[in-house]
Amino acid sequence: MISAILLVLITIFLPPVGVYLVSGCGADLLINICLTLLGYIPGHIHAFYIEYVYYKRQEEHQQGFVDNRQAPGVYSDNVQSGGRQQGYGTVN
């Protein structure tokens, strides 16, 4: 809970840093940097959407519900899976 609040506070000031902490260095980060440079508000909207998907998938996994559908506009596997690591060669 505290990590989520800290992440939201970081995202309020620097949206790309919040996206980097959740999704790592990839397409989502590049998209968020471009959106933030084009306008501060679009960068915020994208960052909060990425974080929403991440925490929603994490909560669903804790409740035993696994949604294998891809969230639209999210390219990070870490965000799509809610942060759970899939083992090498496993099928979930």
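Tyr54 is a buried residue, with a relative accessible area of 14%. Buried here means under 20% relative accessible area, exposed means over 50%, and partly exposed is in between, using a 1.4 Å probe and protein chains only. Keep in mind that this is a predicted model, where local features need pLDDT of at least 70, side-chain atom pairs count only at pLDDT 80 or more, and totals for chains, interfaces and linings use all residues. Residues are numbered from 1 along each chain as its sequence is written, and side-chain values use heavy atoms, with hydrogens and water left out.

**The overall layout**

The chain has five helices and zero strands, giving the pattern α-α-α-α-α along the sequence. Helices (H or I, at least four residues) and strands (E, at least two) are DSSP runs, numbered from the N terminus. Of the 92 residues in the chain, 35% are buried.

**Helix α4**

Helix α4 covers residues 40-62. The buried residues of α4 are Gly43, His44, His46, Ala47, Ile50, Glu51, Val53, Tyr54, Arg57 and Glu60. Just after the helix, Gly64 has a positive phi of about 90°.

Here is how some individual residues come out:

| Residue | Relative accessible area | Class |
|---|---|---|
| Thr36 | 16% | buried |
| Tyr52 | 51% | exposed |
| Tyr55 | 26% | partly exposed |
| Lys56 | 32% | partly exposed |
| Glu60 | 13% | buried |

**Side-chain pairs**

Back to Tyr54: what is the angle between the ring planes of Tyr54 and Tyr55? The structure holds one aromatic pair. The planes of Tyr54 and Tyr55 sit at 80° with the ring centres 5.1 Å apart, so the pair is edge-to-face. The rule takes rings of Phe, Tyr and Trp (its six-membered ring) with centres within 6.5 Å; planes under 30 degrees apart count as stacked, over 60 as edge-to-face and the rest as tilted.

There is also one salt bridge, meaning a side-chain nitrogen of Lys or Arg within 4 Å of a carboxyl oxygen of Asp or Glu. Glu60 makes this contact with Lys56, and the closest N and O atoms are 3.0 Å apart. Both residues belong to α4 and are four residues apart, about one turn of the helix. An α-helix has 3.6 residues a turn, so residues three or four places apart point the same way.

**The cavity**

Glu60 turns up again in the lining of the largest cavity, along with Arg57, His61, Phe65, Val66, Asp67, Gln80 and Arg84. On a 1 Å grid over the protein atoms alone, a cavity is a set of points where a 1.4 Å probe fits but cannot get out, and lining residues have an atom within 4 Å of a point. Helix α4 supplies the largest share of this lining, three residues. By class, the lining has two nonpolar, two polar and four charged residues.

**Two C-alpha distances**

Tyr52 is in helix α4, and its C-alpha atom is 9.9 Å from that of Gly82, 30 residues apart along the chain. Thr36 is in helix α3 (residues 27-38); the C-alpha atoms of Thr36 and His46, ten residues apart along the chain, are separated by 9.0 Å.

Methods. 1 Å grid on protein atoms, 1.4 Å probe; cavity = no way out; pocket = protein on both sides within 12 Å on 5 of 7 lines; lining within 4 Å. Nonpolar A, V, L, I, M, F, W, Y, C, P; charged D, E, K, R; others polar.
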